[in-house]
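Let's take a look at one helix and the aromatic rings around it. Have the structure open while you read.

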Amino acid sequence: LEAQLGAMKPYGYTHIALGMEFGYHLVSKSAPFTEGVEFNDKETDKYIVLLTDGSQTENAKGPGGVKSVAQGEKNLASICANAKSNGVKVITMAFDLTDKDPSKAEETKARLRDCASTVADYFDANDANDLAVAFENVRTQVSQNIFLNK
């Protein structure tokens, strides 16, 4: 996994809402990933870890087919609310999130805090060490709440 992550090279734009949407589909039972269980399954905890190193820069579709970055930000808020209302634990991480406009980075961090299930489920990692600590906290939290059946 570390080798694969190390081989990844950034390109293009950032679409945070699309990443969250993909994660939400993965934990649902709906197509295209039908292997999941219902959201209200008493024996299953569902988690999404959403990490970004940039602010939303990709246009996203909204009502009437209008596309804009602002719509992407609205879509993120909507998807996060839907996931949390369905009992999904949402953990968000900002990794070395900077922007030419510092206020834009702070707005994105605020959106990630709002997206997280609780304030404690938001992590702001400024470097690789901070990120490792954040993932260790997530691992500890998840492992305390799960039981794997054989």
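Does Phe22 count as buried, partly exposed or exposed, and what is its relative accessibility? Keep in mind that this is a predicted model. Phe22 has 48% relative accessibility, so it counts as partly exposed.

Helix H2 runs over residues 16-27, and its twelve residues should span 16 Å at 1.5 Å a residue. The C-alpha atoms at its ends are 17 Å apart, which agrees. Its buried residues are Ile16, Ala17, Met20, Gly23, Tyr24 and Val27. They cover an arc of only 125° around the axis, so they sit on the same side of H2. Here's the general idea: an α-helix has 3.6 residues a turn, so residues three or four places apart point the same way. The buried residues of H2 pack against strand S1 (47-52), helix H3 (69-85), strand S4 (89-95) and helix H4 (102-115).

On to the rings. The count comes to two aromatic pairs, and here they are side by side:

| Pair | Centre to centre | Angle between planes | Type |
|---|---|---|---|
| Phe22 and Phe33 | 5.5 Å | 75° | edge-to-face |
| Tyr24 and Phe39 | 5.6 Å | 20° | stacked |

Phe22 in helix H2 and Phe33 in the loop between H2 and S1 are eleven residues apart, so to speak a link between distant parts of the chain. Tyr24, also in helix H2, and Phe39, in the loop between H2 and S1, are 15 residues apart, and this pair links distant parts of the chain too. With 17% relative accessibility, Tyr24 counts as buried, whereas Phe39, at 24%, counts as partly exposed. Phe39 has another neighbour: Lys46 lies over the face of its ring, 4.8 Å from the ring centre.

Conventions:
Residues are numbered from 1 along each chain as its sequence is written. This is a predicted model: local features need pLDDT of at least 70, side-chain atom pairs count only at pLDDT 80 or more; totals for chains, interfaces and linings use all residues. Side-chain values use heavy atoms; hydrogens and water are left out. Helices (H or I, at least four residues) and strands (E, at least two) are DSSP runs, numbered from the N terminus. The expected span of a helix is 1.5 Å times one less than its number of residues. Buried means under 20% relative accessible area, exposed over 50%, partly exposed in between (1.4 Å probe, protein chains only). The arc is that of the directions from the helix axis to the C-beta atoms. Contact means heavy atoms within 4.5 Å. Rings of Phe, Tyr and Trp (its six-membered ring) pair if their centres lie within 6.5 Å; planes under 30 degrees apart count as stacked, over 60 as edge-to-face and the rest as tilted. A charge sits over a ring if NZ of Lys or CZ of Arg is within 6 Å of the ring centre and within 35 degrees of the ring normal.
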